[in-house]
Amino acid sequence: MAAKRRPTAQQEHAADVATYVAAGGEESVQRVITAVYAVTKKLDQWYVRQFADLDLTQGEWAVLAALARAGETCLTPSQLADLSNVAPSSMTHRLDKMAGRGLLQRRPDESNRTRTLVSLTKDGWALFSAAVRESNVVEGDTLRGLSDTERHELARLLEIVIAGLDDIDAEPAAQPST
């Protein structure tokens, strides 16, 4: 008996869209949102493998990325916990481990001695950069079927969607009709 062939990503996408449309979803919305979710899910799977190769957890990546985005600004453990969606106690353990590996440094805040400031070390920045370069290969492969013009157009359209996210967050929650 032949093994059942797994559906392609394209077949899974079409089936998911059909399911959501049958349940009352608008087809054009479901095509976009389901596609974005599928790409995100697949990239997340690749990132987990890549981070393992770099001896890096997703949580540690979240800290490295937050500190890299902060640039010259140091962040507090509480800010990092908020940005990483973890409890402050979990962040303390994570920072201890990362400091032990030489990826970040902690120092007291000169203006408020009760606060600790966290920043990347050169080794932390080097690991962040290595992860970005390796990710760029996979991400580039993901978009290889698009021309440069199409990539720019896709980016432009997604940036419009992203800009609208703040507007949606600012709107009061829709009340169910009775």
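**Entry 1: the aromatic cluster**

I began with the rings. Tyr47, Phe51, Trp61, Trp125 and Phe128 form one aromatic cluster. I kept in mind that this is a predicted model.

How many aromatic pairs does the count come to? I got 4 aromatic pairs. I then picked out Tyr47 and Phe51. Their ring centres are 6.3 Å apart, and their planes stand at 25°. Planes under 30 degrees apart count as stacked, so this pair is stacked.

Next I looked up where the two residues sit. Both Tyr47 and Phe51 lie in helix H2, which covers residues 27-53. They are 4 residues apart, about one turn of the helix.

Are Tyr47 and Phe51 buried or exposed? I noted that buried means under 20% relative accessible area. Tyr47 has 17% relative accessibility, so Tyr47 counts as buried. Phe51 has 3%, so Phe51 counts as buried too.

**Entry 2: His13**

I moved on to His13. I found His13 in helix H1, residues 9-22. Its relative accessibility is 21%, so His13 counts as partly exposed.

Which residues does His13 touch, leaving out those up to four places away in sequence? I listed Gln30, Arg31, Thr34 and Ala35. I also checked His13 against Ala38. These two are 25 residues apart in sequence. In space they are 7.5 Å apart, C-alpha to C-alpha.

**Entry 3: helices H4 and H5**

I then turned to a pair of helices. H4 spans residues 77-84, and H5 spans residues 88-100. Their axes come within 9 Å. At what angle do the axes cross? I read roughly 105°. Angles of 65 to 115 degrees count as roughly perpendicular, so H4 and H5 are roughly perpendicular to each other.

I wrote down who meets whom. From H4 come Pro77, Leu80, Ala81 and Ser84. From H5 come Pro88, Met91, Arg94 and Leu95. I sorted the residues of this contact by type: 6 are nonpolar, 1 is polar and 1 is charged.

**Entry 4: confidence**

The mean pLDDT of the chain is 91. I noted that 95% of its residues reach 70 or more.

Which element of the chain has the lowest mean pLDDT, and which the highest? Helix H7, residues 148-170, has the lowest, at 91. Helix H3, residues 58-70, has the highest, at 95.

Note on methods. Residues are numbered from 1 along each chain as its sequence is written. This is a predicted model: local features need pLDDT of at least 70, side-chain atom pairs count only at pLDDT 80 or more; totals for chains, interfaces and linings use all residues. Side-chain values use heavy atoms; hydrogens and water are left out. pLDDT is the predictor's confidence in each residue, from 0 to 100. Helices (H or I, at least four residues) and strands (E, at least two) are DSSP runs, numbered from the N terminus. Axes are lines fitted to C-alpha atoms, for helices over the stretch in contact, and angles run from 0 to 180 degrees between N-to-C directions. Angles under 35 degrees count as roughly parallel, over 145 as roughly antiparallel, 65 to 115 as roughly perpendicular and the rest as oblique. Contact means heavy atoms within 4.5 Å. Ala, Val, Leu, Ile, Met, Phe, Trp, Tyr, Cys and Pro count as nonpolar, Asp, Glu, Lys and Arg as charged, and the others, Gly among them, as polar. Rings of Phe, Tyr and Trp (its six-membered ring) pair if their centres lie within 6.5 Å; planes under 30 degrees apart count as stacked, over 60 as edge-to-face and the rest as tilted. Buried means under 20% relative accessible area, exposed over 50%, partly exposed in between (1.4 Å probe, protein chains only).
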